Amino acid sequence: MNLAVASADAQTISYPPRRAVTAWLFFDWAAQPFFTLITTFVFAPFFAAALASDPIAGQALWGYATGFAGFCIALLSPLLGGIADRTGPRKPWIATFGALLVLGSGMLWFAVPGSSSAVPIALAGFVIATIGAEFATTFNNAMMTRLVPPERLGWLSGTGWAIGYLGGLLSLAITLALLAADPQTGKTLAGLTPILGLDAAAREGDRFSGPLTALWFIVFVAPMFWLTPDSARTGMRLGEAAKGGVGRLKATLAELPRLPSLGRFLLANMIYQDALVALFAFGGIYAAGVFGWQTIELGIFGILLTVTGTLGAWLGGKLDDAIGGKSVVLGAIACLLLACFGILSLGPDHILFVIPAAPATAGDGLFASLPERVYLGLGLLIGLVAGPLQASSRSLMARIAPEGRIGEFFGLFALSGKVTSFLGPTLVALATTIFDSQRAGLAVLIAFFLAGGVLLAGVNVKRGM
């Protein structure tokens with residue numbers, strides 16, 4: 001297509017009113033509690049500590065479930081991506097996969113400690129909800145270009161990300177203050193008896209993170225369905241649309257050997273994003289297993305991590321403009337390597353592998369031991385650099401994608417972040433199982449970050465290279 005014609009066409013597009021855009025932004029608010037409450041800070045550690053036979057088995061099982069869900073996402077991404085591009089309406093797909101998110105999250109309530117079916121129910125619910133959350137997000141993202149002009153897409157994406165962070169933060173605060181209690185004291189972080197008659201001894205507050213996630217999504221995604229306009233139907237059949245999407249993906253992949261820096265960057269992004277996903281997936285489980293952290297400690301940890309993540313994303317944008325996206329991502333990878341190494345060096349009674357430290361004892365309070373405080377600090381470092389890693393990877397893609405084909409290559413960029421998302425968690429699970437050690441599982445991530453950093457270092461930051 002002639003670029004002048006395309007520019008003229010772009011000027012004639014009628015964008016929806018502000019209320020439609022605001023309603024769309026609430027999707028991130030609606031979906032984020034799944035990632036905050038279930039995959040990271042509440043249910044995953046509860047699974048490892050209270051449902052699995054021991055924390056090592058819990059980390060391995062959660063890793064296999066995460067890997068299986070990621071494999072399903074990778075397998076279906078090209079097919080569903082083609083459908084999203086060619087059939088038109090996105091809302092029916094958001095509703096379908098949103099229903100899976102609601103179903104899987106709701107199932108978690110029935111994972112009762114001591115029940116023979118608790119582990120299968122928890123893992124099945126988690127896999128179903130993960131697939132639902134990821135694909136609902138994919139189809140929601142596909143609506144972006146029809147909501148604001150191209151020069152406002154960055155604002156739209158960043159604002160949605162920030163609103164999502166706030167939604168996750170609020171849902172976590174509600175869980176800690178009103179729902180999840182210390183099983184020994186029966187009190188929440190606010191010193192209250194859990195509302196709704198939730199039994200602390202049966203860990204009902206932790207399990208209620210599933211139904212809360214489901215209800216939260218239903219309530220807050222509704223404005224998008226009511227107020228945000230959808231794309232018109234194209235009349236293309238599903239089979240034809242899927243075939244076209246896969247065909248275009250194959251053609252683009254075949255072209256990558258003529259664009260070596262782009263191919264190298266996409267491979268690097270695939271590897272270090274895998275490691276980041278796994279690091280967040282297992283951070284809470286690791287702390288629960290090594291230090292015995294319960295929901296209160298993990299929840300406070302999550303709140304602090306979210307705050308530093310928000311700050312890091314803002315600072316990363318400033319650094320990106322000043323020194324370039326490649327330098328920011330490499331710096332973030334270096335910090336993540338340091339954090340992983342530091343975490344591996346910690347134990348309940350030592351730091352840096354061999355330096356003894358007094359372990360925490362009952363009644364010492366939150367984060368009482370030196371190893372716990374070091375872990376907390378390293379976690380905050382991870383939160384600080386995770387946002388810049390993701391945001392600057394996106395800006396770097398925009399800088400090196402061929403002119404006039406940025407949208408196409410952003411699709412490939414999104415796929416590269418998901419196509420092997422099962423690999424990191426699966427290898428962590430395998431290492432945990434083989435060596436019977438949570439630390440062995442985490443050590444896998446050091447190799448991932450190193451490989452991603454080495455590949456990125458060789459990327460030539462010039463458009464279309």
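## Close-up views of a helical chain in a predicted model

**Figure 1. Overview of the chain.** Of the contacts with a separation of 6 or more in the chain, 80% are between residues 24 or more positions apart. Contact here means heavy atoms within 4.5 Å. The model is predicted, so local features need pLDDT of at least 70 and side-chain atom pairs count only at pLDDT 80 or more, while totals for chains, interfaces and linings use all residues. Residues are numbered from 1 along each chain as its sequence is written, and side-chain values use heavy atoms, with hydrogens and water left out. The chain holds 17 helices and two strands. Both are DSSP runs numbered from the N terminus: helices are H or I with at least four residues, strands are E with at least two. Of the 465 residues in the chain, 51% are buried. Buried means under 20% relative accessible area, exposed means over 50%, and partly exposed lies in between (1.4 Å probe, protein chains only).

**Figure 2. The largest nonpolar core.** This core has 121 residues. A nonpolar core is a set of buried Ala, Val, Leu, Ile, Met, Phe, Trp, Tyr and Cys residues joined through side-chain atoms within 4.5 Å. The residues with the most contacts inside the largest core are F43, F265, Y272, Y375, L445, F449 and L456. Helix 11 (residues 260-291) gives the most to this core, with 18 residues. Domain 1 (15-246) and domain 2 (259-464) each supply at least three residues to the core. Those domain bounds come from an automatic or database domain assignment.

**Figure 3. Surroundings of Y272.** Residues up to four places away in sequence are not counted here.

**Figure 4. Helix 2 against helix 6.** Helix 2 (residues 18-41) and helix 6 (residues 118-141) pack at about 155 degrees, with axes 11 Å apart. Axes are lines fitted to C-alpha atoms, for helices over the stretch in contact, and angles run from 0 to 180 degrees between N-to-C directions. Helix 2 and helix 6 are therefore roughly antiparallel. By angle, under 35 degrees counts as roughly parallel, over 145 as roughly antiparallel, 65 to 115 as roughly perpendicular, and the rest as oblique. Helix 2 passes helix 6 in a left-handed crossing. A crossing is left-handed if the near helix is turned anticlockwise from the far one by less than a right angle, and right-handed if clockwise. From helix 2, W24, F27, F34, F35, I38 and T39 make the contact. Their partners in helix 6 are F126, A129, T130, A133, E134, A136, T137, N140 and N141.

**Figure 5. Helix 11 against helix 16.** Helix 11 packs on helix 16 (residues 423-435) at about 55 degrees, with axes 7 Å apart. That angle makes helix 11 oblique to helix 16. The crossing of helix 11 past helix 16 is right-handed. D274, A278 and F282 of helix 11 meet L423, G424, P425 and V428 of helix 16.

**Figure 6. Helix 3 against helix 11.** The angle between helix 3 (residues 43-51) and helix 11 is about 35 degrees, and their axes are 8 Å apart. Helix 3 passes helix 11 in a right-handed crossing. A44, P45 and A48 of helix 3 contact G284, I285 and A288 of helix 11.

**Figure 7. W293 in its loop.** W293 sits in the loop between helix 11 and helix 12 (295-323). W293 is buried, at 2% relative accessibility. Leaving out residues up to four places away in sequence, W293 touches A287, A288, L298, F301, F367, E372 and Y375. A49 is 244 residues from W293 in sequence, yet their C-alpha atoms are 9.0 Å apart.

**Figure 8. S209 in helix 9.** S209 belongs to helix 9 (residues 209-227). Its relative accessible area is 1%, so S209 is buried. Neighbours within four places in sequence aside, S209 contacts L37, I38, V42 and F43.

**Figure 9. Two loop residues with positive phi.** R203 has phi near 60 degrees and lies in the loop between helix 7 and helix 8. R203 is buried, with a relative accessible area of 10%. D436 has phi near 50 degrees and lies in the loop between helix 16 and helix 17 (438-457). D436 is exposed, at 54% relative accessibility.
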